[in-house]
Structure formats: structure tokens, C-alpha cells
Amino acid sequence: MPFARLATATTPTCHIGLGLAAVGRPGYINLGRDEDLGADRSVEALRARTHELLDAAYAQGVRYFDAARSYGRSEEFLASWLAARPDVDDVVVGSKWGYTYTADWTTDAERHEVKDHGLVTFERQRAETAALLGDRLDLYQIHSVTPDSPALTDKELHARLAETAAEGVTIGFSTSGPAQADAVRAALAVTVDGEPLFRTVQSTYNVLETSVGPALAEAHDAGLTVIVKEGMANGRLAGPAAPEALKAVAAETSQGCDAVALAFVLRQPWAGVVLSGAATTAQLASNLHAAVVDLDEERLARLTDLAEEPAAYWETRARLPWH
């Protein structure tokens, strides 16, 4: 497992990763994005921003970087950063397949990405990822598995994924939607030749959406590394948008709402890596303070009370506009 590398890391931030969804393409659904990125969202500008973030993250102890085929040019940006720093050999690199980026570097496309979990898409995107990341790829995840995903039942796909694992690439999956727990449990049952196929799971978990927690605990107990995405609820837990209870805990701990929100996730005993989705180095620095936030049981209880019903949470997320 590539994540064994993190076990030897000594920095308090080694279990915080950097996700590139917000900077690999000009449009995304995070709140405050216009202010974060400004007017210049050219390929060159976002490449430079991504490299700046990766430099800052690495310097501050972050050792997991997460991209996807559908995150615009995220794999390309990450690959060029790695190529320019051949001495950086202690990071874990993950990407995802299953969505195709279709926005053509615009923010107002009718469809920004198209989902397909079929074998043909896997073969095409695996080749595209290999052309960019080569042997630096450690983890390849099926992007946004839901309980009805054909990726859970396609035996031919499972066999090909197992072959990829035999070649040295860890196989994982991510989840989304109100039935994340069902998707996690269904994926845990997938085997090839009697052996579990998936070694990692990446799910949305934050103070507003905690429903997948018990299933992630089961995945952890089964030996999977758990990666948490959207710990900031696409910006709903940052700054002015944060719930009052979160603002109160942040004031008590002298930290930002973002750091407290991510600290809540880090406190979960099954959480292996928690992703920052920062778009600026200032946001990243604030996010990384999550590693030292003091959350006692009383503060954790107050944050736990913020949880929404899954259907309501995902309905709100679906209404977030692409900026």
C-alpha cells in the first residue's frame, strides 16, 4: 500500500492531502471561487497556481496529492510539477477515472463532466493518465461510485482493475450522493479470485454530512485506507458561510472555521487522509492548522449537532452554481 509511506512521516500535517479539483480547471462549485481565482483563469495562470500550491503543501508536510481525469488539467499540472522536482520521491499520487471533462476550459458549459464507469472508458482514461503520470501514479480510483454504478457488478472491469493492481497501482473508489454508505458497503463485497479488489475509499464527510461515517469505519476495519473529501462542504463551512456553532468553536480555539471543520474530520479514528481543497496558499496554510486544533468532547458534540439529513445536504450541493 502506498499510504504506508505516510506512516513514517513525522509532520503533523502528513494526514492532510491536497486535492486539485478547485485549481485544475477554471470552473468549479466551491463558494467564493470568484474572489479566490480572480479574472485570469488561463491554463498558464492555473498551472502556476497549482505549482505554487503544491510547493507550499510539500514544504509544510503534505504528502498526498489527489487529481482526476475530470479535473481539467489537474493531472497535467501535477505531472509537470513532479517532473521538475525529481528529488520529491516521498509523496503518494492518486487520480480518478470515470468522468470525462467536457467544459473545454470554460465556466459556463452546459455540462462540465460526463460520467461513464464502463470498461471502454477505463481503458481510454487509464492510457491518458499513464501518458501524464507514468509510474508516479500510486492510486487509481473509480470516480463517484453510487449503489447503482455498473462498476460494482462488471466482472470484466473487475478483472482489468485487478490486472492494474498486479502492475503496482493500488485500486480504490470514491463515493458521492445521499446513499454513500450503501455504495461503500457494496464495494467492500467486490472480490477477484477471492481477494478484495479495493484498497482505498474516498468519501464526502463533514460536520454537515456524517451519514457515511459508520460505513467508513467498516472499510477501515476491513483494511482500506479512508480518504475524506469535501471536508469543507464546498466552502459552506468557511468564513461568512459557516454555521454559528462552528464560528463559536473557531473563536474559542483561535483558529479559522476551515481548520476546525477539517479537525473534526481528522478526529475520526478511521480517517487516514483528509483532503484540503484550497485554491490559494493562504487557504492552504489555514487548512493545515487543522492538525493542531484542540477539539474536546464538548466541542465535538456541538459540531456533531450540525449534521443535516443526507438528502437535504446533497440537494443543496446539487444547487451550487459553477463559478
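**Salt bridges and the fold**

Reply: Happy to! Let me start at Arg267, which is partly exposed at a relative accessible area of 39%. Please keep in mind that this is a predicted model.

Me: What does Arg267 form a salt bridge with?

Reply: Its partner is Glu297, and the closest N and O atoms are 3.2 Å apart. The pair links distant parts of the chain, with Arg267 in the loop between α10 (257-266) and β12 (273-276) and Glu297 in helix α12, 30 residues apart.

Me: And Glu297, buried or exposed?

Reply: Glu297 is exposed, with a relative accessible area of 57%.

Me: How many salt bridges does the structure hold?

Reply: There are 21 salt bridges in the structure. One of them joins Arg85 to Asp55, with 2.9 Å between the closest N and O atoms. Arg85 sits in the loop between α4 (74-83) and β3 (92-97) while Asp55 belongs to helix α3 (residues 43-59), so this pair ties together parts that are 30 residues apart in sequence.

Me: How accessible is Asp55?

Reply: Asp55 has 34% relative accessibility, so it counts as partly exposed.

Me: Which residues are linked in a network of salt bridges?

Reply: Arg69, Glu75, Arg124 and Glu128 are linked that way.

Me: I've clicked on Glu252 now. Where is it?

Reply: Glu252 is in helix α9, which covers residues 244-253. Its relative accessible area is 38%, so it is partly exposed. Leaving aside residues up to four places away in sequence, Glu252 touches Arg299 and Arg302.

Me: Which of these forms a salt bridge with Glu252?

Reply: Arg299 does, and the closest N and O atoms are 3.1 Å apart. This pair also links distant parts of the chain, since Glu252 is in helix α9 and Arg299 in helix α12 (residues 297-304), 47 residues apart. Arg299 is buried, with a relative accessible area of 14%.

Me: How far is Glu252 from Arg111?

Reply: From C-alpha to C-alpha, the two are 42 Å apart in space, and they are 141 residues apart in sequence.

Me: New topic: the strands. What do they make?

Reply: Eight strands make a closed barrel that runs β1-β2-β3-β6-β7-β10-β11-β12, and the pairing is parallel. From one strand to the next, the twist averages 25°.

Me: How many bridges do β10 and β11 pair over?

Reply: They pair over five bridges, in the parallel sense. If you want a spot to look at, Thr200 stands opposite Thr225 in β11.

Me: What does α7 lie across?

Reply: Helix α7 lies across β6, β7 (170-175) and β10, and it runs at about 160° to β7.

Me: Why would residues three or four places apart point the same way?

Reply: An α-helix has 3.6 residues a turn, so residues at that spacing point the same way.

Me: Last one. What about Thr164?

Reply: Thr164 is in helix α6, residues 155-166. Its relative accessible area is 0%, so Thr164 is buried.

Me: What does Thr164 touch?

Reply: Not counting residues up to four places away in sequence, Thr164 touches Phe122, Arg126, Val169 and Ile171.

Technical notes. Residues are numbered from 1 along each chain as its sequence is written. This is a predicted model: local features need pLDDT of at least 70, side-chain atom pairs count only at pLDDT 80 or more; totals for chains, interfaces and linings use all residues. Side-chain values use heavy atoms; hydrogens and water are left out. Helices (H or I, at least four residues) and strands (E, at least two) are DSSP runs, numbered from the N terminus. Buried means under 20% relative accessible area, exposed over 50%, partly exposed in between (1.4 Å probe, protein chains only). Contact means heavy atoms within 4.5 Å. A salt bridge is a side-chain nitrogen of Lys or Arg within 4 Å of a carboxyl oxygen of Asp or Glu. Two strands pair if DSSP finds at least two bridges between them. Axes are lines fitted to C-alpha atoms, for helices over the stretch in contact, and angles run from 0 to 180 degrees between N-to-C directions.
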